[in-house]
Amino acid sequence: MSVKDDLEARSGSTCELCTGTNNLEVFEVEPVSISGVDSSILACETCRTQIEDPEQMDANHWRCLNDSMWSEYDSVKVVAWRMLSRLKSEGWPKDLLDMMYLEPEVLDWAKATGEGLAEADKIIHRDVNGVILENGDSVVLVKDLKIKGSSQVAKQGTAVRRISLDRENAEYIEGKVGPTMMVIITKYVKKI
Ligand SMILES: [Zn+2]
């Protein structure tokens, strides 16, 4: 069975946030270390669009979280928590957030993307041109870099695919240069 099949089975083929049925797809709840049912939800197009593009947010749509925040699945709760945090200024989402209880490790997961924090408190990774980097992006090195613990040099222009961001430090990302996993400073990379 695919992840989508599993999610359809657990949700009865409805959006796990709003119970809509419009163009349901698997939505992976970032950051994803292992793809699978536990780190995904089934979400309709309306929900997915608004999660991904805050500009298209229709606060009233998210009244659905009143129900879905009580889901038995952590991945659903995490998305509910993030959307309520994003909408906090509306008032009612704040009341729902106050009622919500997440296990400590689930709360850590919910907070991992910086949702609900003031913009200034977020850890944002930017490349040499100031472009925001995200987990899974590909970058190229803009200068030769010594590979720590070896005599080798990673050449300028080398592509590093599927980087991961250091969650505590906005200056560091991690990625594979050839076979070697290395920590790279963001100002030495350019997003491609
Ligand atoms: Zn939905």
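Tutor: Let's start with Arg162, which counts as exposed at 66% relative accessibility (exposed is over 50% relative accessible area, buried is under 20% and partly exposed is in between, using a 1.4 Å probe and protein chains only). Keep in mind that this is a predicted model, where local features need pLDDT of at least 70 and side-chain atom pairs count only at pLDDT 80 or more, while totals for chains, interfaces and linings use all residues. Residues are numbered from 1 along each chain as its sequence is written, and side-chain values use heavy atoms, with hydrogens and water left out.

Back to Arg162: its phi is near 50 degrees, a positive value in a residue other than glycine. You'll find Arg162 in the loop between strand 6 and strand 7 (164-165). Strands here are DSSP runs of E with at least two residues, and helices are runs of H or I with at least four, numbered from the N terminus.

Now follow strand 6 (159-160), an edge strand that pairs on one side only, as does strand 10 (189-191). They belong to an open sheet of three strands with the order 6-3-10 and antiparallel pairing (two strands pair if DSSP finds at least two bridges between them). Strand 3 (residues 139-141) is joined to strand 10 by three bridges, and Leu141 has Val189 as its bridge partner in strand 10.

Another antiparallel pair is strand 8 (residues 172-177) with strand 9 (residues 180-185), held by six bridges. These two form a hairpin with two residues between them, and Gly178 in that turn has a positive phi of about 60 degrees. Val177 has its bridge partner in strand 9, namely Thr180.

Thr19 has a positive phi of about 65 degrees although it is not a glycine, and it is exposed, with a relative accessible area of 58%. Look for Thr19 in the loop between helix 1 (3-11) and strand 1. In the loop between strand 1 (25-28) and strand 2 (40-43) sits Pro31, and the peptide bond from Glu30 to Pro31 is cis, with omega near -15 degrees.

Next, the zinc ion. SG atoms of Cys15, Cys18, Cys44 and Cys47 coordinate it at 2.3 Å (donors are N, O and S atoms within 2.8 Å of the metal, or 3.2 Å for Na, K and Ca; water is not among the atoms, so sites may look incomplete). The spacing of these donor residues in sequence is C-x2-C-x25-C-x2-C. The arrangement is tetrahedral because the four donor atoms subtend angles of 102 to 117 degrees, and four donors count as tetrahedral if all angles lie between 85 and 135 degrees. Cys44 and Cys47 are both buried.

Then there's helix 6 (residues 104-111), whose buried residues are Val106, Trp109 and Ala110. They sit on the same side of helix 6 because they cover an arc of only 100 degrees around the axis, taken from the directions from the helix axis to the C-beta atoms. Pro104 and Glu105, on the other side, are exposed.

Finally, zoom out: the protein chain has six helices and ten strands. Its C-alpha atoms fill a box of roughly 55 × 40 × 30 Å, taken along the principal axes. Of the 192 residues in the chain, 38% are buried.

Methods:
Four donors count as tetrahedral if all angles lie between 85 and 135 degrees; four count as square planar and six as octahedral if opposite donors are over 155 degrees apart and all others between 65 and 115; anything else is irregular.
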